[in-house]
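Could you walk me through this model in the viewer, one selection at a time? I would like to know what to pick next and what I will find there.

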Amino acid sequence: YLGSLSGSRVEVITLHGQNTYTTSSTYSGTLICRQRLNLNLLKQGAKTAYLVANLIAASGTAYARLYDTTNSTTIIEISTTSTALTSIVKTADLMSALPAADVETRFEIKTSGSRADCTWAALTIEY
């Protein structure tokens, strides 16, 4: 998705777009999406970047992360204890955490409780 807001540009990279849940307490068994992204190109001229997700905890805490498999590092992790179906979680600006290279990324979820649900997630970059 490429949009514009009063003179600025927004790129939205869909990381996940279907109803998915997990009962796993580790990320290892909850791969949701794998993508190869040239973050160096995407970062050029960007002002801010956010990870945004519809993340729901049935109990405990629901976690999601954007993981750089090329360098084996977590780029950003978000969490919520909200049980509301409309729970939207957004990170602070993560521009400085984004790798300046072409990397393979994974979007993953886990739970500290009985279940975590995620219906969509996106990397949003504002220019």
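Start by selecting Arg34 and Glu104: in this predicted model, their side chains meet in a salt bridge, with N to O at 3.5 Å. The two residues come from distant parts of the chain, since Arg34 sits in strand E4 and Glu104 in strand E9, 70 residues apart. Colour them by accessibility and both come out partly exposed, Arg34 at 46% and Glu104 at 25%.

Arg36 is exposed at 52% relative accessible area, while Asp102 is partly exposed at 38%.

Next, pick Asp117 and Arg115. Their closest N and O atoms are 2.9 Å apart, again in a salt bridge. Asp117 is buried, at 13% relative accessible area, whereas Arg115 is partly exposed at 30%. Then show Arg65, Arg106 and Glu108, which salt bridges with shared partners join into one network. The whole structure holds five salt bridges.

Beyond its sequence neighbours up to four places away, Tyr21 touches Ile109, Arg115, Ala116 and Asp117. If you draw a distance from Tyr21 to Thr83, you will get 13 Å between the C-alpha atoms, for residues 62 apart along the chain.

Now zoom out. The C-alpha trace spans about 40 × 35 × 20 Å along its principal axes. Buried residues make up 48% of the chain.

Which residues touch the most other members of the largest nonpolar core? Select Leu15, Leu55, Phe107, Leu123 and Ile125, out of 30 residues in that core. Among the elements that each supply at least two of its residues are strand E2 (8–16), helix H1 (39–43), strand E5 (48–57) and strand E10 (116–126). Centre the view on Leu55: setting aside neighbours within four places in sequence, its contacts include Ala64, Ile78, Val89, Ile109 and Cys118.

From there, move to Thr48, in strand E5. Is Thr48 buried or exposed? Thr48 is buried, because its relative accessible area of 16% falls under the 20% cut-off. Not counting residues up to four places away, Thr48 touches Asp93, Met95, Thr124, Ile125 and Glu126.

Finish at the hairpin. Strand E6 (residues 62–68) and strand E7 (residues 73–80) pair in the antiparallel sense over seven bridges, and one of the pairs to display is Asp68 with its bridge partner Thr73 in E7. Four residues lie between the strands; click on Ser72, found in that loop. Most residues other than glycine have a negative phi. Ser72 has a positive phi of about 55° although it is not a glycine. At 52% relative accessibility, Ser72 counts as exposed.

Key. Residues are numbered from 1 along each chain as its sequence is written. This is a predicted model: local features need pLDDT of at least 70, side-chain atom pairs count only at pLDDT 80 or more; totals for chains, interfaces and linings use all residues. Side-chain values use heavy atoms; hydrogens and water are left out. Two strands pair if DSSP finds at least two bridges between them. Buried means under 20% relative accessible area, exposed over 50%, partly exposed in between (1.4 Å probe, protein chains only). A nonpolar core is a set of buried Ala, Val, Leu, Ile, Met, Phe, Trp, Tyr and Cys residues joined through side-chain atoms within 4.5 Å. Contact means heavy atoms within 4.5 Å. A salt bridge is a side-chain nitrogen of Lys or Arg within 4 Å of a carboxyl oxygen of Asp or Glu.
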